[in-house]
Amino acid sequence: MPDRSFAPSRILIYLAVSLIAAAWLAPLVVVVLNSLRSNEEIAQGSMIGWPQQWAWSNYAAAWSGFCVAETCAGIRPYMLNSALVTIPATIFSTLLGAIAGYAVSLWRFRGDNWIYGIVTLGLFLPQQMRLLPWTIVLRDIGLINTLTGLVLIHTIQGLSFTTLFCRNYYVAIPHELIRAARIDGAGFFRIFWRIILPLSGPILIVTVIWQFTHIWNEFLYGVTFTTGQQQPVTAALIALSAAVADIPQHGVQSAAVIIAALPTLLIYLLGGKYFVRGLTAGAVK
Amino acid sequence: MTSAVLTRPGRSAATELVRRLPEYLMIWVPLLLSAAHLVSFSLWTLWISFTPSTLVPVSGWVGLRNYTAVAASRNWQIAFDNLLLFGSAFVLLSAATGLILAILLDQRIRAENVLRSIFLYPLAVSFVVTGTVWSWLLNPGLGIQKLVHDLGWTSFKFDWLIDRDMAIWTIVIAAIWQSSGFAMALFLAGLRSVDADIIKAAQIDGAGAVRIYRRIILPSLWPITITVVVIQLQFAISTFDLVRALTNGGPGIATQLPALVVYDLMFQRSLLGRGAAAAVLMLLILLAVLLPYAAWRYIQRRRANHA
Amino acid sequence: MAALSIRALSKRYANLEVLKGIDLDIESGEFTVLVGPSGCGKSTLLNIVAGLDHPSAGTVEIGGRVVNDVAPKDRDIAMVFQSYALYPSMTVRQNITFGMECRRVAKAEQEKAVANVAKLLQIEPLLGRKPSQLSGGQRQRVAMGRALVRNPLLFLFDEPLSNLDAKLRVEMRMEIKRLHQRIGATIVYVTHDQIEAMTMATRIAVMHQGSVQQFADPDTVYRYPANLFVARFMGSPPMNTIPARLEAASDGPVVVVGAGRPDEVRLRLRGYDAAAPFVGREVVFGIRPECIAEGSRTFSSDAPVRVEAPVELVEPTGAETMVLLRLGGEPAMARISPDIRPAPGTSAAFALDTRRICLFDPETERLIA
């Protein structure tokens, strides 16, 4: 907006903004630097400091050498677990949510408002209300302590978000487009595939980023429904810090933290605009 | 002019149903699964909260005994007090931080995009990572206090992490760091959506920048403020990972929060009935926030429709 | 054979009755315009004919076949939408062939059909473009091409011109009419614009509050509006409808406007025998603005009635001068010669063409004569 600012105080504005930005960046910088310092170096000083020797080996150790709860394979298996949960669950929940959002927004059917209303309640219902039932259900269908179980949970729970996102995007598509296609003889799936999906790029990116970030960062289900070698990386990080409480290995731990945070940070850097759009779309429920 | 159109006779209802079965399945199965799990799981947990279940769910009826037991426990009382303190402090401070950041970024400053990315990146990181990192920074023997001591100021004290009275504030700090960017993003969108003509009119009326903010822009932000507050409260009520990674409820049980109590009762003490009761209590706290908000939204919408 | 027959069709949403027992028979080759104000049910009716909406009662027959349970694609229809509804992700060519693709028409045949339609509508250079790269008029053409390529029994147009600017609308109006004359298609065309209805239709169905008020050719609708609604809806400016009294005279009824006033207007009617039962009663007297002209006009007939009336407002449009005057104290619009500009506030002489007067029953609002 033009001339909403007043010139003499612009320096102050820049100063304030830079200081806050520095404070916001500090934790990241500290961890990155620590991940490159040897454990001994950190133990002698504090967690905050410039590396005297670049200890790149921390990353190798964190990735595949480190011991978590009697297994010495680094965080690689847990990263793999997270990927094996996050990627399928993101794809399934996004696709199913897109179809569901398309159905409730552009194809009126009996009870659509009701069922959509209930599904969106899932945005608010605390996970704690579903913990016990999920435990029992997963045990009964033999998926407790499996990655498949986590994929199932995240797919079904993610539907609340993905359906909402896609529905809100699709309601802006003119109904006449659907009518024209129906007269042309296209059915539910052909219209989705040929007309709706080619228009869905932005919302699918938003949804995928949102789901990926959420599922990758999820902790409660991971720690509740899986143990040991089946845990996703968030749960493994907690186990890691418990395991090393006696002999601190902060350099390697920092490297592990960076590795664990890297996928979502990269996605954020690459798709920042869509990431923010997801945040605000989720807010205007 | 063109090929004749193939007109097929109308199909019977049964063949029509069979033909459209795939689309019915694709529409209904995911939606029904999602809706059914939400409803049935909530009712299930509610039911367990009225049973004497311990290690495994059992049938039986104990009325409100689980609730009274949870409410009377020290664990829950501390968790509830902490939630009140953490919830209000975190929500107010993060909304204020977000608003300040948004106003600063709204001054047509250079590198706005870079700065915005910096304030938002914590949202891309898991609470486990945030908690772990802040547990290092705030650890008096490792982090900021140690650094200041090493620099020579040995009387400096910043040991909230191990101070029973102050430990909850470490969670406030980490939570603000993590999610002020979210408030900022919403506020910034609100600031940008103020009608430019209104600003111009105010400038012509002779209003300065400060007055324009105070009298015109900020008053238009209050609906967004309510949204921000409600969403942050919702987050505060269900906070779990952050505390697990930062203090694990300690020192002692000084930073206990309801979500931790639920987990503790369900999976560490195997008191499923009580755990379920605590989960239902969490839901009730959440409803105390969300229902007024929903009512407010409903009234707003009604008013908008009538206008 | 009727191309489209609608029988006792009604539609209700919850408590709202949108269509109340519609009966229409549309012959093959006709250009029927459904016209009415927004909310009159015309678009709902069109959607029901297309099969995009379902009637609450009644039947729809297309080409002699009851199609109530037939899917839109199998009804042998094509539809042009207000927003054109071009598929944004497809090229013009793909937009036109999409229907054939759905019906699995051979590629070679598709090519031929596209070539024909593109030539007919002169959109050959546009075939490779996306809808976003087209102007409003071009989109309109493509939308018509998509309909034409189906060669259906029935074309349905849903306010296809209302998104165009005024100049283009007139051009496209002529083009659609020309197209109809050329291919002799059966068209049902929905609009709220009575000028489109008058200029294009072979028959007009005027709709209001869910029922058809009048279904007739444009001249009849204009000359003999079935009721006051039609009289006031068709024509711009609409017919003057003025409360009056019908009195008896030796050689037929006399319309008296502003009875008892010093400026009372008496109009002798000839050939209005149907009005006889209303003699001595209140009526609504309808006269089109073009039947009130400057005092020197003769209307190429026997001597018109001349009155002296006060002028309130003068609107020169270039092609004519519109005058708001008081006829027996009641406001009325006159359409007079463009170079005559009576001064507001003065009195001027006007000639009334009494052969084209309409009389309505004030109770039922129906046309008497």
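**Notebook: the A–C contact, two helices and chain A**

I began with the contact between chains A and C, which takes 14 residues from chain A and 18 residues from chain C, two residues being in contact if their C-beta atoms, placed from the backbone, lie within 7 Å. On the side of chain A that touches chain C, the elements giving two or more residues are α8 (175-183) and α9 (188-196), and α8(A) supplies the largest share, six residues. I took helices from DSSP runs (H or I, at least four residues) and strands likewise (E, at least two), numbered from the N terminus. That side of chain A divides into eight nonpolar, one polar and five charged residues; Ala, Val, Leu, Ile, Met, Phe, Trp, Tyr, Cys and Pro count as nonpolar, Asp, Glu, Lys and Arg as charged, and the others, Gly among them, as polar.

I note that this is a predicted model, in which local features need pLDDT of at least 70 and side-chain atom pairs count only at pLDDT 80 or more, while totals for chains, interfaces and linings use all residues. Residues are numbered from 1 along each chain as its sequence is written, and chains are lettered from A and ligands numbered from 1 in the order in which they are written.

Next I looked up α3(C), whose buried residues are Gln110(C), Ala113(C), Val114(C), Val117(C) and Ala118(C); buried stands for 20 or more other C-beta atoms within 10 Å of a residue's own, exposed for 12 or fewer, with C-beta atoms placed from the backbone. They lie on the same side of α3(C), because they cover an arc of only 130 degrees around the axis, the arc being that of the directions from the helix axis to the C-beta atoms. On the other side of α3(C), I found Ala108(C), Ala115(C) and Lys119(C) exposed. What covers the buried residues includes α2 (92-102) and α4 (136-148) of chain C. Just after α3(C), Gln122(C) takes a positive phi of about 55 degrees.

Finally I turned to chain A as a whole, whose secondary structure comes to 14 helices and zero strands. Its C-alpha trace spans about 75 × 65 × 30 Å along the principal axes, and buried residues make up 51% of the 285 residues in chain A. Among contacts in chain A between residues at least 6 apart in sequence, 75% join residues at least 24 apart.
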